[in-house]
Structures are given as structure tokens and as C-alpha cells.
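Trainee: I would like to learn how to read packed helices and ring pairs. Can we go through an example?

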Amino acid sequence: MTDEPLRIGVLGAARIAELSIVEPARATGHRLVAVAARARDRAEAFAAEHGVERVADSYAELVADPEIEVVYNPLANSLHGPWNLAALQAGKHVLTEKPSASNAAEAAEVHKAAAEAGTVFMEGFHYLFHPVTRRLHELLDSGELGDLRHVETVVAMPAPPDSDVRWSLPLAGGALMDLGCYSLHAQRVLAPWAGGAPWLVAARGGEKAEAAGVDEWLDADLEFPGGATGSARCHMAHDSWQMSCRVVGSRGEATAVNFVQPHLDDRVVVRTAAGERTEELGRRSSYTYQLEAFAAHLRHGAPLALDADDALTTMRLIDDCYRAAGFPVRPRTVLPAPA
């Protein structure tokens, strides 16, 4: 075992990469070996600004680079599946932005590729590694909240511009893909305190004007084997930001005010018969915790909560929600064959 820095390659020069991989790598001492973008000048600017060691001429060149051991994929949703497959087939470990693929059929192919490659595949549900979410789980585990009865997750944001790729069906956009996956995943990981994983009871949503098949909002009703219920909501044209997770038990409740972005608001509000208290769990980036956990697994074999199995299960639930709400599942993108 070694503490050698991870050697990371970044696909694309997306703004999210600054928060999700550049800053965590800088904070934890891992190497950003290369970056590739559709336009080389964008990749060069990204590399110069963020201290990336070099620029690759294409995504294909980056995933084939023998010096790179981890590929980080923050591309548009429609390109998650194809480039996750390409990276796995090149023998790389993969840390991908959510969702892991455009639909469950594609996610199953990614799952198979990960098994065949024998490398590590993880979908970036970074919130799970932060003390805010860990505290919700501790409160359930301790019995302070009693038996789990209900879970409410809400992930909402003001509308991005109409030209944004998140409003594109061919690019696998939609509120559920961009936001609702957090709402669903945060409920799924409560299975240990709910008698097992939840299933979908019903879903409903609203279509984005002039974007056929793209959900502006979607609400899903869930049920757990132990009898608890769940409400998972997402909205991509809301009047404000809201990213809360409320866990209700037989003896009390706890709310993470912003479980997706705890670096902005780290409060967990606990209410029981003994009264109300607010705990502040620290605003260190959840992405930094995530990269530390990923590296600890690769370098020391430490347990990792997320894997290809988890990613496939989440994608199946997303597809179920789309069908139940009357939307099509997102189409997959097939990369052109190499020249």
C-alpha cells in the first residue's frame, strides 16, 4: 500500500470541475495530469488556470494515456455513459458525475464494463461523504429519532437559460437527471434503517415549455419495506434554491438544511421531545471528502460506499420515475467510430 498521489485525467473544461475535482485535488495533494476539451484552447486555458500538468488533444487520447489512472468525467449527461465505458475499457478507474449514464440499459453496460475491467467505478454522490449526511444517519442509528417513518428530499433551483444543455432531451437533460437523482439517492441510502431499499409508488411531473419530453419538475412517492414513506422532489425552474433532507422518526425529526451543498450551509436541525437544537457540521467541501474516500479505497482498500451496483440501481429508479410520470427515458448517445 502507498500514499502516492492519484494521477487524474479530466474530461472537459466544465465549470463544475473547479469545485468537484480541481479544488479537492489541490487540498489533498493529488495530481491533475491532463485535461481534454472539445476545443484545445479551452483545455489550455483550463490547464493554465488550474495547474493541470498538460493538455490532451482529445478525450480518446486522454483515456488512453498510460500515465493516467483515474478518469474524472463531468461532461454533459449524454456523454457520461459513452466516456465512462471508454475509460473502463481502457483499464482506468472512473469517478463520474451523476447520473452515470443516460438510462438503465446504458448503466447496465457500464456496470458490466467495470466488472470486466476490474477497476473502480464510482458515481459522484459527494454529499454522502460529508458530516452533514453522516450525522443524519448517526441520529437514526442512535435511536434518538426512533423508527424511521418518513423522508422528504427537495432539490430545487432557479431556471437556467433555455439554451442550457440541461433542457435538452438528446443530451439527457431534465430536472430528475440533474437534481432529482440526489433526492432519490438520499432516500435509497436510508435502506439500513427502513427495512430495505424503497420502491416507487407514483410519480408526476411537468414538462418544460418548448422542450418536449424534458421535465421541468418531478415528484416521486416512495415506500420502504419497514413501512416508512418517502417524498422525493426536484424542480429546475423554482423561485429559489432549496436542497433539504428531512428525516422523520417516531421520536423526533432532523433536517439537513442543504445536504447537497453543505459547504454553503452545514446546519442539521434536530427536533425531539427534549427540544430543538441546531448542529453545525463544518463547511469543508463534500467533494474533498469524496476524493479522500476514493483515494483511500484505491491506495489502502478502505471501504467505499458507492460502486457500479449502486449506480445501476439509481438509474433504474430514475427510469421508473420517468415512465410513471409519463416521460420518455433519456436516449443514449453513441460515439462515432474512430477514424
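**Helix packing and ring pairs**

Mentor: This is a predicted model. Start with a contact: in α4, Gly-81, Pro-82, Asn-84, Leu-85 and Leu-88 meet Glu-106, Glu-109, Val-110, Ala-113, Ala-114 and Ala-117 of α5. These contact residues comprise seven nonpolar, two polar and two charged.

Trainee: What angle do α4 and α5 make, and how far apart are their axes?

Mentor: Two packed helices are described by the angle between their axes and the distance between the axes. Here α4 (residues 80-89) and α5 (residues 104-117) pack at about 10°, and their axes are 9 Å apart. Angles under 35 degrees count as roughly parallel, so α4 is roughly parallel to α5. The crossing of α4 and α5 is left-handed.

Trainee: How many aromatic pairs does the structure hold?

Mentor: A pair of aromatic rings is described by the distance of the centres and the angle of the planes. The structure holds six aromatic pairs. In one of them, the ring centres of Tyr-59 and Trp-83 are 5.5 Å apart and the planes lie at 80°, so the pair is edge-to-face. Tyr-59 belongs to helix α3 and Trp-83 to helix α4, 24 residues apart.

Trainee: Are Tyr-59 and Trp-83 buried or exposed?

Mentor: Both Tyr-59 and Trp-83 are buried. For Tyr-127 and Phe-259, the centres are 5.4 Å apart and the planes at 90°, so this pair is edge-to-face. Tyr-127 is in the loop between β6 and α6, and Phe-259 in the loop between β12 and β13, so the pair ties together parts 132 residues apart in sequence.

Trainee: Which residues do ring pairs link into a cluster?

Mentor: The cluster consists of Phe-125, Tyr-127, Tyr-182 and Phe-259. Of these, Tyr-127 and Phe-259 are buried.

Note on methods
Residues are numbered from 1 along each chain as its sequence is written. This is a predicted model: local features need pLDDT of at least 70, side-chain atom pairs count only at pLDDT 80 or more; totals for chains, interfaces and linings use all residues. Side-chain values use heavy atoms; hydrogens and water are left out. Axes are lines fitted to C-alpha atoms, for helices over the stretch in contact, and angles run from 0 to 180 degrees between N-to-C directions. Helices (H or I, at least four residues) and strands (E, at least two) are DSSP runs, numbered from the N terminus. Angles under 35 degrees count as roughly parallel, over 145 as roughly antiparallel, 65 to 115 as roughly perpendicular and the rest as oblique. A crossing is left-handed if the near helix is turned anticlockwise from the far one by less than a right angle, and right-handed if clockwise. Contact means heavy atoms within 4.5 Å. Ala, Val, Leu, Ile, Met, Phe, Trp, Tyr, Cys and Pro count as nonpolar, Asp, Glu, Lys and Arg as charged, and the others, Gly among them, as polar. Rings of Phe, Tyr and Trp (its six-membered ring) pair if their centres lie within 6.5 Å; planes under 30 degrees apart count as stacked, over 60 as edge-to-face and the rest as tilted. Buried means under 20% relative accessible area, exposed over 50%, partly exposed in between (1.4 Å probe, protein chains only).
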